[in-house]
Amino acid sequence: MTITLHLMQLAGESPGQNIELLFCNWQQDDGLHRGICFVPTDLAAVIQVRHYIEGIADEFSLSEQSRFELALVADELVANAILASYAKAGPENVILKWSMKDYVFTLSVLDYGGGFRLKDVFSELPAGENLADFLRSLEQYRESHKAVVPLNGKLIEHVRFGRGLQIISHLVRKIEVIYHEPNGERGTEPTAQTVGSIVTVEYVAGAA
C-alpha cells in the first residue's frame, strides 16, 4: 500500500485566513484505488477540488468527457455540502472520499448540514406553467434559499438553486443519500437529530 499526503494552501482576504485542503491518496494491490480530501467550508476550495479530480482522471487516462463529468459532479456535490455545512456547523470540514476500480468511480461527500431528501430538492425547484408564474416562483425560491458563506475568507450572500443535483442524477448510474447521527450511527431517513448527509454517487468512466 502506498500513501501520499498533499497539503494545499489558498490565500484568504487577509493574513491568518489561509485556506488549507488536505488530500490523502492511497493505492491497494487488489486494483482498488482510493483517496480522501478534507475540504474547508469556503467556496474558494471548490475549484481546487475540481482540479484534484481532474488530476485523478488524467492519472487513470480517462476520456475527456469522463474527466469533465467527474469534475462537474465533484464540483456540485462539494459546493452544496459547503453551503449546507457552513449554515449549520460553521467552519467544519466537508469530507470527500473517492474510489475507483474497473472504471467505476465512486464519490462520497459528507457534510454537517443536517438532512435533506433528493425528492424534496427536486420538487421545490422553481416552476410555472407560464413565464410570469416561473419568474414569481424563481423570486420566491431565491428569497428562501439565500445563504451566507465564505469565499476566500470573506462572507458573501449566495443563492442555492439545487439544479446541480438534477444534473448529477443524469450523469451517474447511482445516487444515494444516507444520514449520520450524533451517536455515529447511519440511517436511510433524516431525523430531528441528524447531523448531516452523505451523498454517494457511482459513475462509469470511459478510457481515453
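Phe60, Trp98 and Phe105 form one aromatic cluster in this chain, and that trio is a friendly place to start looking. The model is predicted, so local features need pLDDT of at least 70, side-chain atom pairs count only at pLDDT 80 or more, and totals for chains, interfaces and linings use all residues. Residues are numbered from 1 along each chain as its sequence is written, and side-chain values use heavy atoms, with hydrogens and water left out.

**The chain as a whole**

- The secondary structure comes to five helices and 10 strands; helices (H or I, at least four residues) and strands (E, at least two) are DSSP runs, numbered from the N terminus.
- Of the 208 residues in the chain, 44% are buried. Here, buried means under 20% relative accessible area, exposed means over 50%, and partly exposed lies in between (1.4 Å probe, protein chains only).
- Among contacts with a separation of 6 or more, 59% come from residues 24 or more positions apart; a contact means heavy atoms within 4.5 Å.
- The chain exposes about 11,200 Å², and carbon and sulfur atoms supply 50% of that area. Accessible areas come from the Shrake-Rupley method with a 1.4 Å probe, and for residues only the protein chains shown count as cover.

**Aromatic rings**

- A pair of aromatic rings is described by two things, the distance of the centres and the angle of the planes.
- Rings of Phe, Tyr and Trp (its six-membered ring) pair if their centres lie within 6.5 Å; planes under 30 degrees apart count as stacked, over 60 as edge-to-face and the rest as tilted.
- By this rule, the count comes to three aromatic pairs.
- Phe60 and Trp98 are an edge-to-face pair, because their ring centres are 6.3 Å apart and their planes meet at 80°.
- This pair links distant parts of the chain: Phe60 sits in the loop between helix 1 and helix 2, while Trp98 is in strand 4 (residues 94-101), 38 residues apart.
- Trp98 counts as buried because its relative accessibility is 7%.
- Trp98 also pairs with Phe105, and here the centres are 5.6 Å apart with the planes at 10°, so the pair is stacked.
- Like Trp98, Phe105 is buried.

**Salt bridges**

- A salt bridge is a side-chain nitrogen of Lys or Arg within 4 Å of a carboxyl oxygen of Asp or Glu.
- The count by this rule is six salt bridges.
- Which residues are linked in a network of salt bridges? They are Arg50, Glu54, Asp58, Glu64, Arg67 and Asp75.
- Arg50 forms a salt bridge with Glu54, and the closest N and O atoms are 3.8 Å apart.
- Arg50 and Glu54 are four residues apart in helix 1 (residues 45-59), so about one helical turn separates them.
- Arg50 counts as buried at 15% relative accessibility, and Glu54 is buried too, with a relative accessible area of 14%.
- Glu54 also meets Arg67 in a salt bridge (3.9 Å, N to O). This pair links distant parts of the chain, with Arg67 in helix 2 (residues 64-89) and Glu54 in helix 1, 13 residues apart.
- Arg67 has a salt bridge with Glu64 as well (3.9 Å, N to O). Glu64 and Arg67 are three residues apart in helix 2, which means that about one helical turn separates them.
- Is Glu64 buried or exposed? Glu64 is exposed, because its relative accessible area is 59%.

**Cysteines**

- How many disulfides does the structure hold? The structure holds zero disulfides, where a disulfide is a pair of cysteine sulfur atoms within 2.5 Å.
- Cys24 counts as buried at 15% relative accessibility, and Cys37 is buried with a relative accessible area of 0%.

- Ile3, Leu5, Leu7 and Leu22 make a nonpolar surface patch of about 400 Å².
- Patches are made of residues with over 30% relative accessible area and no salt bridge: like charges are joined within 9 Å, and nonpolar side chains (Val, Leu, Ile, Met, Phe, Trp, Tyr) within 5 Å.
- Strand 1 (residues 2-10) gives the most to this patch, with three residues.
- Ile3 is found in strand 1, and this residue is exposed, with a relative accessible area of 56%.

- Ile47 is found in helix 1 and is partly exposed, with a relative accessible area of 40%.
- The C-alpha atoms of Ile47 and Ala79 are separated by 9.6 Å, and these residues are 32 residues apart along the chain.
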